[in-house]
Amino acid sequence: MNELEAFRQETRAWLESNCPPSMRTPMPSDEIVWGGRTVEFKHEDQRLWFERMRDKGWFCPDWPVEYGGGGLNPQQAAILDAEMRRLHCRPPQINLGIWMLGPVLLEFATEEQKQRFLPPMARGEIRWCQGFSEPNAGSDLASLRTSAVLDGDDFVINGTKIWTSYGNKSDWMYALVRTGPMEPKQAGISLVVLDMTSPGISVSPIDLISGKSSFCQVFFDNVRVPRAQLIGELNGGWALGKALLQHERNAMSRFSESALPTHFDLDEFLEKYLGDPQTPAETALQQRAIACLMQEEAFRLTNRRLFETLRARQDASGLMAIAKLVHTEQERSKFELLLEIMGNHALGWAGEGFDQRELDLTGAWLMSFAQTIAGGSSEVQLNVIAKRVLGLPEAK
Amino acid sequence: MSLVYNEDQLQLQDSARDFLAARSPVALQRALRDEGSALGYSPEVWNGMLELGWGAVAFSEQDGGLDFGFAGYAPLFEEIGRHLSASPLLSSVVLCGGLIEQLGTDAQRHHWLPALISGERRLALALEEGARHQPDDFAVTARRDGSGWVLNGSKSWVTDAVSADGWLVVASEADGGCGVFLVSADQPGVQLRTRQMIDARNMGALQLDQVRLADAARLGDNAACAALELVLDRGRACLAAELLGLAEAAFAMTVDYLKTRVQFDAPIGSFQALQHRAARLYAQLQLARSSVMAAFEVLDRSTGSVRERRRLVSLAKWQASQLAQHVGNEAIQMHGGIGVTDEYDLGLFLKRMRLAQNQLGNADFHCQRYGDNRGA
């Protein structure tokens with residue numbers, strides 16, 4: 001038996017005896033465990049699973065042990081991932097810091113910064129949010145204007161960030177700020193990390209068309225941030241921000257595959273809401289549902305091909321570039337179709353007369369409009385494909 | 001097996017690419033059309049393919065094949081599409097050879113398979129009676145007559161029928177099942193009218209009047225339906241790979257054109273309206289490629305259910321057909337005037353795409369079939 005196979009056996013055995021059975025069931029959205037200063041557990045099994053995985057270093061299995069990671073090589077990490085899927089293990093916590101900021105710190109931070117920020121992140125003790133977009137810097141992110149001016153050993157930050165997910169519940173933020181007002185726009189941006197309890201920060205949640213949301217606007221009024229919290233070079237933040245965004249897209253697809261509980265099975269809705277026998281109009285809907293399922297299967301196969309391409313050490317940049325575009329647009333089309341299948345049942349807002357599943361669907365449908373915008377809108381994704389994958393020329 | 005070509009498949013693809021670029025450029029297909037070739041393909045190119053072993057790829061060693069696995073045809077048909085190369089590889093080897101392999105007696109296999117693999121003989125499949133694919137309901141009948149059979153009816157759309165040594169005719173039998181019959185080209189009672197198609201290849205209309213056959217003309221003794229469906233699925237996967245190659249080529253021509261054509265003092269590919277359309281085509285190409293790879297994977301797998309095979313093959317043909325529809329139309333539109341001239345090659349690609357889209361089931365057929373075969 002080779003070493004990887006031995007690792008697989010060992011991992012499987014460990015998961016079987018350490019992952020409580022209740023943590024191997026589909027996860028409702030209100031049972032997600034978010035790491036942070038105040039972790040909330042709904043029941044004891046959640047705590048057990050959280051602590052056991054934390055103690056193995058498996059919140060971030062492929063980080064080096066010295067920063068609190070599991071020290072696994074990529075093959076071992078893939079095995080752990082596969083075994084967790086096989087047993088339907090829930091993610092023990094969800095922590096954007098680990099998936100997005102962590103890899104950037106590992107690559108670009110100073111040793112001192114790594115020692116300071118990575119171990120608490122790996123123990124799930126700090127909840128991170130992202131400060132990138134601003135009211136006037138959306139798709140054109142590089143035009144951001146939140147300013148960070150050096151004053152002694154501190155930056156003084158003024159301005160506002162928007163679309164910050166869980167800004168009201170996070171402990172720390174990593175943010176792109178303007179440190180070089182006179183430089184060309186990409187060349188005057190830096191990446192800083194800051195404590196959300198710093199004086200001068202205020203946060204207000206944003207209601208979306210789907211109702212309450214996790215998005216917030218964050219305001220900075222003379223917020224002092226020690227210079228030691230600058231990541232990478234002064235005015236060198238743009239490249240780090242782009243690396244972070246790629247990790248964000250990867251994290252979004254990881255979310256959608258396993259972590260989020262909002263999976264809506266078309267068959268379930270077809271059976272419940274179409275008549276038997278079907279009217280001709282209902283048969284047409286059924287046909288559209290088949291085409292929708294075919295697109296979904298082609299996308300799942302494409303994800304598998306992406307994984308196999310990476311494993312074969314071939315170029316997968318094109319497949320990565322289409323993933324977010326295709327996935328979020330397919331989801332939106334599917335919700336639109338579900339809406340037609342359910343008719344008025346999908347158009348209720350609250351209260352009696354609608355069951356929870358129907359209200360969830362309505363919310364998810366309205367939320368799907370945000371997904372094709374957040375994390376780089378579809379148009380930004382198309383730009384990336386056109387320029388970086390197809391090599392089409394820049395506009396004059 | 002996987003959704004990414006392995007080393008062996010990549011080698012096969014490289015050698016196919018070299019061979020086709022040298023021996024079967026698009027200009028050759030154009031020349032065949034201009035000279036009004038009845039065959040619609042070049043016998044020299046066809047012989048070259050056979051010398052490279054393309055006829056032997058998927059057959060077992062005991063049948064005279066290379067035992068490479070059916071997945072060898074994925075890169076081959078992709079390259080055939082990319083180079084717009086015409087040959088009877090699908091009609092004679094994949095479809096007719098496949099049926100003889102699946103249904104034939106030992107004697108029939110020994111007699112036919114080595115000859116089809118080497119190209120010494122060529123057969124065409126007489127299946128389609130209507131204008132659209134119909135794989136399980138035939139008006140052509142085979143009636144018992146003493147120890148032999150009598151066939152009646154017409155097969156209106158037989159691909160590569162011209163100059164074939166014979167046809168495999170699919171017919172309904174008295175018990176409601178179907179049988180596959182070898183009808184040689186000189187058989188009394190058979191009349192062939194040929195049609196030249198938009199891609200300059202041919203289809204024949206076969207009229208069968210009281211065609212009397214010996215018992216040995218029937219492939220094997222058992223009902224042919226299941227084997228016929230398997231072999232048609234192989235053919236559908238090959239057509240999907242061919243469509244993928246056709247679409248890749250038309251897309252590459254289009255991206256090149258966007259980079260070089262200048263209007264308003266700028267390459268038109270710098271205009272976002274065109275960039276986004278090209279980027280969407282790219283995404284669709286990737287979905288289709290994944291689906292095509294999955295179809296070949298399932299065809300080579302010994303485990304797995306018939307429903308899964310049907311589902312994945314129909315997914316591939318559906319995706320590839322939708323892709324070709326979209327890429328073909330967009331390629332011409334983005335080229336502008338030059339795209340609709342006969343001089344430019346794009347039109348030749350469009351014509352071949354529409355043929356391949358319609359063969360062995362169009363997008364709607366495969367959408368329906370996918371729906372019918374969901375679940376375990």
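The model is predicted, so local features are reported only at pLDDT of at least 70 and side-chain atom pairs only at pLDDT 80 or more, while totals for chains, interfaces and linings use all residues. Residues are numbered from 1 along each chain as its sequence is written, and chains are lettered from A, with ligands numbered from 1, in the order in which they are written.

**Stop 1: the meeting of the chains**

Select chains A and B together. Here 31 residues of chain A are in contact with 30 residues of chain B; contact means that the C-beta atoms of two residues, placed from the backbone, lie within 7 Å. On the side of chain A that touches chain B, two or more residues come from each of helix H8 (280-311), helix H9 (317-342) and helix H11 (378-389) of chain A. Helices (H or I, at least four residues) and strands (E, at least two) are DSSP runs, numbered from the N terminus. H8(A) gives the most to this side, with 13 residues. By class, the side of chain A that touches chain B holds 19 nonpolar, six polar and six charged residues. Ala, Val, Leu, Ile, Met, Phe, Trp, Tyr, Cys and Pro count as nonpolar, Asp, Glu, Lys and Arg as charged, and the others, Gly among them, as polar.

**Stop 2: loops of chain A**

Select A:Asp276 and A:Pro277, which are joined by a cis peptide bond with omega of about 5°. A:Pro277 is in the loop between helix H7 (266-273) and H8 of chain A. Most peptide bonds are trans, and most residues other than glycine have a negative phi.

A:Arg313 is not a glycine, yet has a positive phi of about 55°. Is A:Arg313 buried or exposed? A:Arg313 counts as exposed because it has 7 C-beta neighbours inside 10 Å. A residue is buried if 20 or more other C-beta atoms lie within 10 Å of its own, exposed if 12 or fewer, and partly exposed in between, with C-beta atoms placed from the backbone.

**Stop 3: the domains of chain B**

Select residues 7-118, 123-217 and 225-372 of chain B in turn; these are domain 1, domain 2 and domain 3 in the domain assignment. Their bounds come from an automatic or database domain assignment. The C-alpha centres of domain 1 and domain 3 of chain B lie 21 Å apart, and 22 residues of domain 1 of chain B are in contact with 24 residues of domain 3 of chain B. On the domain 1 side, helix H2 (26-34), helix H4 (73-82) and helix H5 (89-103) of chain B each supply at least two residues. The largest share, eight residues, comes from H4(B).

**Stop 4: helix H6 of chain B**

Finally, select residues 106-118 of chain B, which form helix H6. H6(B) bends by about 25° at B:Trp112, and B:Pro114 follows within four residues. The bend is the angle between axes fitted to the seven residues ending at a residue and the seven starting there. Buried residues of H6(B) include B:Arg109, B:Trp112 and B:Leu116. The buried residues of H6(B) pack against H5 and strand S1 (123-126) of chain B. Just after H6(B), B:Gly119 takes a positive phi of about 85°.

Conventions: Expected span 1.5 Å × (residues − 1).
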